[in-house]
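Hello,

Here is the structure I said I would pass on. Please look through it first, then read my notes below.

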Amino acid sequence: MRIHTTAIAAVAALAFTAAPATAQQLGIGTMGQGTSGYSMGSAIAGVLAANGVDALVQPSAGTSAYLPLLDTGELDFGIANIIETSEAMSGSGPFEGRALENLRAVAVLYPFRVGVFVRDDSEIDSVADLAGTSVTYGFTSQVTLNRVLNALLATAEVTEEDIDPVMVPNVVAGADQFAAGAADASFFAMGSGKVTEVDAAVGGVRWLPLEDSPEALARMQAIIPEAYIATVEPAPGLTGVDEPIPAMAYDYMLLAGAHVPDETVAEVVRILSENREALIEAFGPFRGFDPERMRGEAEVTFHDGALAALEAMGQ
């Protein structure tokens, strides 16, 4: 990993002090209720609060709405995937010409699995079968997700032109359109509460498996280099996964604004690293959280406080 900041040795000591780093309430930006991002933020806020750091989840329409608030210092922390993080920091993709220069990485949270789900009784059995069907698309509040869905479709050599896009502002609205019968298939994150809600509303949903081959992976990574294919096993909270299936995955991250004090960020890193089980209890997908992999491998700029704390932990 290339790191563009220099660790300050004194911060490492602050990272492991027993006293809470701040008495001020921290804001954590997330997607709306029902999304995995919101659940991640809620779990983190709960664990921080239990360890003396007051934090509050602040949901909004999408990352394009709240990541700029971290950059301007109006929000302290946020949840975003590595794709959005890289684009926001470099000023590419939806952030073309407006790089968020004060955005900083804090920690890798866990591999995020996404896919397309259909009704249990649907005749759609594979990603290739999506050609000629209506699929939620657009995501004007989550513009990076169009590329993500395009990469997923590419595993089966399907493109946007092959589907009938049902234009929606975000994945929650897309799930609502699916439940209302306006779409044959919907794109979402596995393990999300919204999917469980839709499952109950329509009488059952299931995820479409990806083609797990070097060729399919190459087509995916030609669009999203940070993505990979991972096998998802059935587990509590994974609605629609009744057997092991290959799915698209990429890392989700905790971010902060450069304005957040080093000692505060270091304290957050320490608390998360020591409370994996509490995170899992709050939100099951944190089973994928690895305290020894919080630094990850992506070329992103880490907060000085996080970097010092992680280096003190041997990362």
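F286 and F289 are both buried. Please keep in mind that this is a predicted model. The ring centres of F286 and F289 are 6.2 Å apart and the planes stand at 90°, so this pair is edge-to-face. Ring pairs also join F286 and F289 with Y110 and F283 in a cluster.

In the whole structure, the search gives nine aromatic pairs. One of them is formed by F117 and F178, with 4.9 Å from centre to centre and 80° between the planes, and it is edge-to-face. Which parts of the chain does this pair link? F117 sits in strand β4 and F178 in helix α6 (residues 171–179), and these distant parts are 61 residues apart. Why does F117 count as buried? Its relative accessibility is 0%, and buried means under 20%. F178 also counts as buried, because its relative accessibility is 0%.

Next, helix α4. Eight of its nine residues are buried, so α4 is largely enclosed by the rest of the structure. The buried residues are I82, I83, E84, T85, S86, E87, A88 and M89. What covers them? The cover includes α3 (63–72), β3 (77–81), β4, α5 (144–154) and β10. After α4 comes G91, which has a positive phi, near 75°.

The largest pocket has a volume of about 280 Å³. Its lining consists of 17 residues, and those nearest the centre are R113, L238, G284, P285 and R287. Two elements, β4 (103–119) and β9 (228–232), each give two or more residues to this lining. Sorted by class, the lining of the largest pocket holds nine nonpolar, five polar and three charged residues.

The second largest pocket contains about 220 Å³ of space. It is lined by 15 residues, with I82, D251, R293, E297 and A298 closest to its centre. Here the elements that contribute two or more residues are α4 (82–90) and β10 (245–257). This lining divides into eight nonpolar, two polar and five charged residues.

Regards

How values were computed
Residues numbered from 1 in each chain as written. Predicted model: local features only at pLDDT ≥ 70, side-chain atom pairs only at ≥ 80, totals over all residues. Heavy atoms only, no water. 1 Å grid on protein atoms, 1.4 Å probe; cavity = no way out; pocket = protein on both sides within 12 Å on 5 of 7 lines; lining within 4 Å. Points joined across faces, edges and corners; volume = space filled by probe spheres on them. Helix = DSSP H or I, 4+ residues; strand = E, 2+ residues; numbered from the N terminus. Nonpolar A, V, L, I, M, F, W, Y, C, P; charged D, E, K, R; others polar. Buried < 20%, exposed > 50% of the residue type's maximum accessible area, 1.4 Å probe, protein only. Contact = heavy atoms within 4.5 Å. Phe/Tyr/Trp six-rings, centres within 6.5 Å; stacked < 30°, edge-to-face > 60°.
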